[in-house]
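Student: Hi! Could we go through a structure together? I have a few quick questions.
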Amino acid sequence: MSGHAGKPRNVFLVWLVWPLITLGIYHLVWYYKVNREARDFDRRIEVSAALAVVAITIGVLVIVPPFVSVFNTGQRIARMQRSAGMQPTCNPWIGLILVFLFSLHSLYYQHELNQIWEHYRNPVEGEQVPLAV
């Protein structure tokens, strides 16, 4: 089995700089891309990237959906690490807690994703990479 590589990103830019410059819009774009990368990396990971973004935006009205979505995104990243043949280090509980600490979950999750791409020696985005599991 194989999947498509995602894009390594600078964690500081993802967490603070681009969201500040774009008044928060970048965070939504990043969240969409991260969830899409999970689906493209391992087809067994079922996720609608658009629905994940809806959960963290409109879902705020119901209170619970954003937190469920952030937790599930952490689980997807751990599954990606497992599929890459790595020991999963992404903990969705840590991601959920970091939502309440200056939205540090994006920094944490991007760091965990970057470890996957480093495992594959930073392939070009979209390049096919072999899956271990």
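Student: What does the side chain of Ser106 reach?
Tutor: In this predicted model, the side chain of Ser106 reaches the backbone oxygen of Ser103 at 3.3 Å. That is a polar contact, meaning a pair of N or O atoms within 3.5 Å, where one must be able to donate a hydrogen and the other to accept it; residues adjacent in sequence count only if both atoms are side-chain atoms.
Student: Okay, and is Ser106 buried or exposed?
Tutor: Ser106 counts as buried, at 1% relative accessibility. Buried is under 20% relative accessible area, exposed is over 50%, and partly exposed is in between, with a 1.4 Å probe and protein chains only.
Student: Which residues is Ser106 in contact with, leaving aside its neighbours within four places in sequence?
Tutor: Those are Val14, Trp15, His27 and Trp30, with contact meaning heavy atoms within 4.5 Å.
Student: And where is the place of Ser106?
Tutor: Ser106 sits in helix 6, residues 105–119. Helices are DSSP runs (H or I, at least four residues), numbered from the N terminus.
Student: New topic: where is Leu51?
Tutor: Leu51 is in helix 3, which covers residues 49–57. Leu51 is exposed, with a relative accessible area of 56%.
Student: How far apart are the C-alpha atoms of Leu51 and Leu20?
Tutor: They are separated by 24 Å, and the two residues are 31 residues apart along the chain.
Student: Anything on how to read these values?
Tutor: Residues are numbered from 1 along each chain as its sequence is written, and side-chain values use heavy atoms, leaving out hydrogens and water. Local features need pLDDT of at least 70 and side-chain atom pairs count only at pLDDT 80 or more, while totals for chains, interfaces and linings use all residues.

Key. Helices (H or I, at least four residues) and strands (E, at least two) are DSSP runs, numbered from the N terminus.
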